[in-house]
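Hi,

Here is the structure I said I would pass on. Have a look at it first, and then read my notes below.

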Amino acid sequence: MIFLLSVLSLLVCQAVLSPISNDAIFQYVDDHKDEFVQRLKDWVAVESDSSDPTKRDLVNNMMQITKDFILKLGGSVEMAEVGEQELQSGKKIPLPPVILAEIGNDTNKPTVCFYGHVDVQPANKADGWLTEPYTLVEKDGNLYGRGSSDDKGQVLALLHAVEAVNTIGLPVNVKFIIEGMEEVGSNGLDKLVEEKKDTFLSNVDYIVVTDTPWLSKKPGITYGARGNCYFFIEVQGARRDLHSGGFGGTVYEAMSDLIYLLDTLVDAKGHIRIPGIYDGVVPLTEKEIKLYKDLEFKLDELQADTGVTRFLHDTKEELLMYRWRYPSLSIHGIEGAFSGSGTKTVIPAKVIGKFSIRQVPNMNPSVVEKQVVDYLESKFSERKSPNKMKVSMIIGAKPWLADMNEPQYVAARKAVKRVFNTDADMIRAGGTIPIAKNFEEVLKKSVMLLGIGGPDDAPHGQNEKISMYNYIEGTKLYASFLQELASQKAP
Ligand code: MN
Ligand code: MN
């Protein structure tokens, strides 16, 4: 009896002491599953394709629907105007407003600001969709539809998590930045973040981007992304295109010059030949190697998925390191070159070669620019061609890397453990996420990418989907994260 009593009192004590009670919240999520799926269905049905100006009203509708839902959750919402977009025709149309919203403003609680977007990539059934892209279809445990994963599903999972946690009271203040122009470059957002840094964003302690996939079926927390330096090499030969019958063998051809230059950039093993390019790369540590060993990732699955017969690297560790923590150079295309079907005996007068370098910490885009320009100019002068050559850097987006010991990372890892009973994969993006770097630079606050997309969701492709598992358990992940974050020491 005494034993029983002490066990009981221990249980009672624990219940009182533990600041986290997830069971009721998880139950709430499970109980509302159908409703959550129905809402995603409603959202996917809005063709909020930001790339098509004729669909701007639909993007605006989507912003309104999002606003209404946040209001329903008890939040306050400002629709921030961010100016106009100039179309190719010269006509100007208003950009969709950006949602700035908040739920809770208790100065004793930390404030976390979530970022997401509700615009989508274009989608047409004719592109090879098996279902109507704007009709959410449930099949084999997946929810198919444009935006289901990128990013309507992730935004909704977050909002539903807030709804669920709010049934017992939010332990943190929550803010949202939700935009409708992400897929075409987040027009106006940088300026807005800068403008709002001393007002709406002044009390934000953490920024969480909810727009990323996991590496596998295991939840992943993203702490870094590569940057991107995009270059054009323009070679101008004759004043106009020439006929190879009349001029082949008599002129220095712009296309030959360009192909020669492109071929000097990277060797067959993927090694970049530009002198000094690897100088800034952060050296690899033993601790980091360990992180890669623990990641759930299978080379043969990637092989099967892509149809690549042999990668440049033989182990998952190496492959992921070359995707995430080393720079790479890719050649993308040649503007002005003949690319139609059939035969055409043209000597193009002007061609523009396009390539980019994904750079990594601590490479600096302006240093990379100088290295690339110097190298290509020296290679071109060796060739002694009379043609005109010009190299320009069109994009210089910086890489981003966070300290994964920051409190919100600790909270996210605990939340993963609690919901999925496994350790989170600590991952990086091989691509570029300018918003992460921008938030960090402007607000000087901890930034984390905690998405719930699956590795095979095909976000920009045909048959985009999110699995029911990711959607529902991901909702629990966000709910649990809010709870865990409250128990972390302030940054
Ligand atoms: Mn996205
Ligand atoms: Mn996208």
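Donors here are N, O and S atoms within 2.8 Å of the metal (3.2 Å for Na, K and Ca), and since water is not among the atoms, sites may look incomplete. H117 lies in strand β5 (residues 111-117) and D211 in the loop between β9 (206-209) and β10 (220-225), so the pair ties together parts that are 94 residues apart in sequence. (Helices, H or I with at least four residues, and strands, E with at least two, are DSSP runs numbered from the N terminus.)

Before you go further, a word on the ground rules. This is a predicted model, where local features need pLDDT of at least 70 and side-chain atom pairs count only at pLDDT 80 or more, while totals for chains, interfaces and linings use all residues. Residues are numbered from 1 along each chain as its sequence is written, chains are lettered from A and ligands numbered from 1 in the order in which they are written, and side-chain values use heavy atoms, with hydrogens and water left out.

Back to the metals. The manganese ion (ligand 2) sits 3.4 Å from the manganese ion (ligand 1), and D150 coordinates both. The protein donors of ligand 2 are D150 (OD), E183 (OE), E183 (OE) and H460 (NE2), at 2.0 to 2.5 Å. D150 is in the loop between β7 (142-144) and α5 (152-166), and E183 in the loop between β8 (173-179) and α6 (189-195), 33 residues apart.

H117 counts as buried because its relative accessibility is 0%. D150 is buried at 8%, E183 at 16% and D211 at 18%.

Strand β5 also holds F114, which is buried at 1% relative accessibility. Leaving out residues up to four places away in sequence, F114 touches L158, V174, K175, F176, I177, V208, T210, F481 and L482; contact means heavy atoms within 4.5 Å.

Next, a sheet. Three strands form an open sheet in the order β6-β7-β20, with antiparallel pairing; two strands pair if DSSP finds at least two bridges between them. β6 (137-139) and β20 (465-467) stand at the edges with a single partner strand each, so one side of each has no neighbour in the sheet. Between β6 and β7 there are 3 bridges, and K139 stands opposite N142 in β7. Helix α15 (residues 468-486) packs on the sheet, touching β6, β7 and β20, and its direction makes about 65° with that of β20. For that angle, axes are lines fitted to C-alpha atoms, for helices over the stretch in contact, and angles run from 0 to 180 degrees between N-to-C directions.

Last, helix α4 (residues 56-72). Which of its residues are buried? They are R56, V59, M62, M63, T66, F69 and I70. Seen down the axis of α4, the buried residues fall within an arc of 145° (taken from the directions from the helix axis to the C-beta atoms), so they line one face of the helix. On the other side of α4, D57 and K72 are exposed.

Cheers

Methods. Buried < 20%, exposed > 50% of the residue type's maximum accessible area, 1.4 Å probe, protein only.
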